[in-house]
Amino acid sequence: MKNSPIPVEIVSIVETIEKAGFEAYLVGGCARDIFLGRAPKDWDITTNATPEQIQTLFPKTVYENIYGTVAVINEATEDPTLRNVEVTPYRLESDYTDRRHPDHVKFSDKLEDDLQRRDFTINAIALSLSNGAIKDMVDLFGGLSDIKDKIIRTVGDPQARFGEDALRMMRAVRLSVELGFTIEPDTFKAIQGLNTNLKDISTERIRDEFAKLIMSPEPKKGIEILNETRLLDHIAPELQVAIGVGQNQAHAFDVWEHLLRSLQHAADKSWDLDIRLSALFHDISKPKTRGLSRETGIITFYGHEVIGSRETRKILTRLKFPVKTIEKVTKLIRWHMFFSDTEQITLSAVRRMIVNVGRENIWELMNLRICDRIGTGRPKEDPYRLRKYHAMIEEALRDPISLAMLKIDGKGVMEACNIPPSAKIGYILHALFNEVIEDPKLNTKEYLSEKAIELSQISDDKLKEIGEMGKEKKEEEDLKQIKEIQKKHRVS
Ligand code: ATP
Ligand code: MG
């Protein structure tokens with residue numbers, strides 16, 4: 001610890017507490033991260049002062065919760081990790097009858113008690129400061145040696161510690177992939193034995209740990225450990241169904257391995273949570289749509305993107321992900337087959353796809369397709385072809401891709417055709433839109449007025465049909481169509 005990495009804001013909080021005659025230590029993730037040379041995500045300070053005493057020492061604080069934590073607020077800094085620093089009195093571990101909440105929080109005047117109640121040895125190191133640098137380290141459980149050996153080990157008996165708070169099992173897995181550490185064998189076995197306790201944990205806490213695991217540099221490994229420990233049984237058992245489900249020639253791997261590799265590629269690219277979740281779940285319904293064409297003997301997955309999008313909605317809703325995330329991920333999955341069928345990709349098809357998936361999602365659809373391809377074990381896409389797709393998307397984005405971008409509106413149609421308001425106007429607009437999507441040059445007031453007059457002669461039913469062609473189909477219709485395809489190809 002030659003060069004002190006401790007920000008002055010933190011030093012000042014510690015000194016303020018000490019000047020008032022109390023002890024103050026850096027503890028938990030920040031102490032661990034300092035030894036790892038990582039930037040801490042947040043700073044935690046532990047002290048023998050009571051919450052009331054802490055509050056009197058700082059101009060602005062928020063007394064947060066039943067655990068006695070006082071957040072010291074510093075509005076002068078831009079750094080989000082320093083704006084809100086948690087100072088918590090030494091606490092004793094207490095009984096957890098519900099496996100998630102201590103029955104009552106007991107404060108202590110001994111640092112040892114506080115370190116003892118922490119989850120893992122690497123998180124149970126306390127650091128004292130002097131002149132802005134680290135003075136002493138209190139490491140009662142061999143945390144530093146576990147940091148050096150890259151090991152996650154509970155403080156004390158793993159069975160007991162996971163019995164108190166089942167979320168710690170997920171924290172163990174999440175930290176292991178975030179830090180690139182291994183879970184110590186007894187700790188690992190205890191998780192395997194106690195995995196069902198996860199049922200007692202609130203969905204929100206599970207979701208947050210799951211999302212952090214997905215956002216780690218090694219989400220593939222993370223999901224594999226969740227599976228080995230059977231924690232996955234209580235998070236997304238739908239994924240386990242993909243284990244051993246074989247695919248056709250284009251794929252080197254079963255569906256499970258393919259999904260995990262796709263996810264891993266999204267992580268390797270540092271892509272965001274939405275794309276990572278899309279990659280993880282994009283083929284989730286392959287197991288249930290798997291068929292064997294009796295004519296060709298080829299394995300098929302007709303409609304897996306439609307059913308998979310629905311199934312993913314169920315999973316993410318159950319896990320209480322935000323609606324925005326769910327909407328985006330399910331849309332990407334619904335259309336994920338688009339960029340894989342090279343013959344399908346014409347400029348007008350790209351325009352249609354932008355209508356389906358949304359302007360704001362089209363690039364991510366492309367990224368999902370990149371994950372999907374890498375996930376098959378095949379080499380990267382020919383860069384020439386990727387550039388071509390890029391150029392097509394860019395060009396398509398310049399063209400009209402919504403009804404509002406037509407050079408004629410409902411009023412214009414009524415005037416041109418001299419007809420009163422009715423459903424017919426809408427049908428005509430959709431039919432015009434379809435033409436313009438095929439050929440954006442047709443988007444002129446003159447052409448569209450003339451064409452509207454022509455269309456107004458057609459019967460409503462026929463017109464409706466023409467207009468529907470480019471519209472996103474209702475899910476029910478999609479599903480009906482899938483059944484028909486399966487019948488036609490006599491898939492069993
Ligand atoms: P991160 O880098 O994600 O912030 P962290 O280890 O700092 O990781 P926090 O959630 O910030 O995790 O918790 C701070 C500290 O509080 C931990 O390092 C650990 O000492 C303790 N802690 C957190 N959750 C638990 C728990 N469920 N049981 C016991 N101790 C816990
Ligand atoms: Mg932390």
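Select helix H21 (residues 410-417) and helix H22 (residues 423-438): their axes come within 10 Å and cross at roughly 105°. Axes here are lines fitted to C-alpha atoms over the stretch in contact, with angles from 0 to 180 degrees between N-to-C directions. H21 is therefore roughly perpendicular to H22 (the term covers 65 to 115 degrees). Helices are DSSP runs of H or I with at least four residues, strands runs of E with at least two, numbered from the N terminus.

This is a predicted model, in which local features need pLDDT of at least 70 and side-chain atom pairs count only at pLDDT 80 or more, while totals for chains, interfaces and linings use all residues. Residues are numbered from 1 along each chain, and side-chain values use heavy atoms, without hydrogens and water.

Next, show the side chains between the two helices. Gly410, Val413 and Met414 in H21 meet Ile425, Ile428, Leu429 and Leu432 in H22 (contact means heavy atoms within 4.5 Å).

Now go to strand S2 (residues 44-47), which pairs with strand S1 (residues 24-27) in the antiparallel sense over 3 bridges; pairing takes at least two DSSP bridges. Ala24 has Thr47 in S2 as its bridge partner. S2 also runs parallel to strand S5 (residues 84-89), joined by 4 bridges. Select Ile45, which stands opposite Val87 in S5.

Ile45 is among the residues with the most contacts inside the largest nonpolar core, of 79 residues. Such a core joins buried Ala, Val, Leu, Ile, Met, Phe, Trp, Tyr and Cys residues through side-chain atoms within 4.5 Å, buried being under 20% relative accessible area with a 1.4 Å probe, protein chains only. Finally, select helix H8 (residues 167-179), which gives the most to this core, with 8 residues.

How values were computed:
Chains are lettered from A and ligands numbered from 1 in the order in which they are written. Buried means under 20% relative accessible area, exposed over 50%, partly exposed in between (1.4 Å probe, protein chains only). Angles under 35 degrees count as roughly parallel, over 145 as roughly antiparallel, 65 to 115 as roughly perpendicular and the rest as oblique.
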